[in-house]
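The following note sets out several points on the structure shown below. Please read each point with the model in view.

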Amino acid sequence: MFFSNLLLSALALASAALASPIELAERQTPQKLRIMPLGDSITEITCWRATVWDQLASANLASSVQYVGSQNSNPQNCKPATANWDQHHEGHSGWLAVDIANNYLEGWLKKTPADIVMFMLGTNDVTRGKSTQDVINAYTKMVGIMRASNPKVKIIVDLIIPLSFSNNAIQAINAQIPSWAAKMNTTESPIVIADCYTGFKTSDLRDGVHPNANGDKIIAERVGPLLLDFVRQGLAGK
Ligand SMILES: *[C@@H]1O[C@H](CO)[C@@H](O)[C@H](O)[C@H]1NC(C)=O
């Protein structure tokens with residue numbers, strides 16, 4: 001009896017020793033799905049990221065995910081229901097889609113790879129006179145960079161919210177997004193569109209450019225359900 005117990009504990013010790021360090025690490029901290037909120041000031045200095053985190057928490061998904069990016073900030077002092085929401089993001093005030101595609105995204109994804117990228121970009125390109133085609137080309141380049149970093153990346157592209165001036169140029173980009181996204185879509189790396197434009201009024205902007213509280217609510221309502229779908233698929237190994 002004594003010897004067989006001893007034998008069993010010896011076997012248990014031996015099997016524990018057989019687990020590789022990676023297996024042990026996975027047992028202790030299961031890999032969280034990595035979500036990158038990517039954009040300009042409409043991603044950085046706004047509260048919809050926080051509201052979407054509340055949606056993740058309400059769906060009991062918050063402990064299975066993390067926001068990733070080189071930034072970790074809450075410039076609007078957003079106070080969602082979930083006090084310990086993840087404030088990482090890749091929102092850069094004033095930045096153009098063109099520059100992010102050409103010079104930055106590859107390095108960001110190298111530092112913080114992502115399973116899901118959600119992005120809204122193009123507003124600053126419009127204000128600096130870039131064409132619709134420049135912006136769509138930047139989107140194509142960004143998707144290529146995302147897929148080179150992670151062939152299974154899931155992508156949410158937003159229709160851009162209205163701009164109180166130059167709104168025709170915003171509409172022109174938004175008009176191209178559905179056919180662009182359908183063309184770029186693949187089974188391995190799906191792209192879905194969050195319509196943050198329809199029903200978003202200029203009165204939902206606080207300064208003609210950025211969403212006010214109601215605008216944040218609209219963006220979160222349009223992006224959140226698509227993100228939750230992607231997270232559930234990702235957790236199911238799809
Ligand atoms: C991409 O394909 C998925 C199905 O695989 C579909 O649900 C989604 O709507 C498609 N996206 C676009 C933009 O057509």
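1. The accessible surface of the chain comes to about 11,600 Å², and carbon and sulfur atoms account for 56% of that surface.

2. The model is predicted, so local features need pLDDT of at least 70 and side-chain atom pairs count only at pLDDT 80 or more, while totals for chains, interfaces and linings use all residues. Residues are numbered from 1 along each chain as its sequence is written, and side-chain values use heavy atoms, with hydrogens and water left out.

3. How confident is the predictor in this chain? The mean pLDDT (the predictor's confidence in each residue, from 0 to 100) is 92, and 87% of the residues reach 70 or more.

4. The chain contains nine helices and seven strands. Helices (H or I, at least four residues) and strands (E, at least two) are DSSP runs, numbered from the N terminus. Of the 238 residues in the chain, 47% are buried, that is, under 20% relative accessible area, whereas exposed means over 50% and partly exposed lies in between (1.4 Å probe, protein chains only). Among contacts between residues at least 6 apart in sequence, 76% join residues at least 24 apart.

5. Pro225 lies in helix H9 (residues 213-235) and counts as partly exposed because its relative accessibility is 43%. Not counting residues up to four places away in sequence, Pro225 touches Gln55 and Ala220. From Pro225 to Val52 the C-alpha distance is 8.8 Å, although the two are 173 residues apart in sequence.

6. Which residues surround the ligand? They are Ala181, Ala182, Asn185 and Ile191, where a residue is near if one of its heavy atoms lies within 4 Å. The protein covers 48% of the 360 Å² of accessible area that the ligand has on its own.

7. A polar side-chain atom of Asn185 lies 2.3 Å from an oxygen atom of the ligand, and a polar backbone atom of Ile191 is 2.8 Å from a nitrogen atom of the ligand.

Terms used. Polar contact = N/O pair within 3.5 Å; in protein donor to acceptor, adjacent residues only side chain to side chain. Areas by Shrake-Rupley, 256 points an atom, 1.4 Å probe, with all protein chains shown as cover. Contact = heavy atoms within 4.5 Å.
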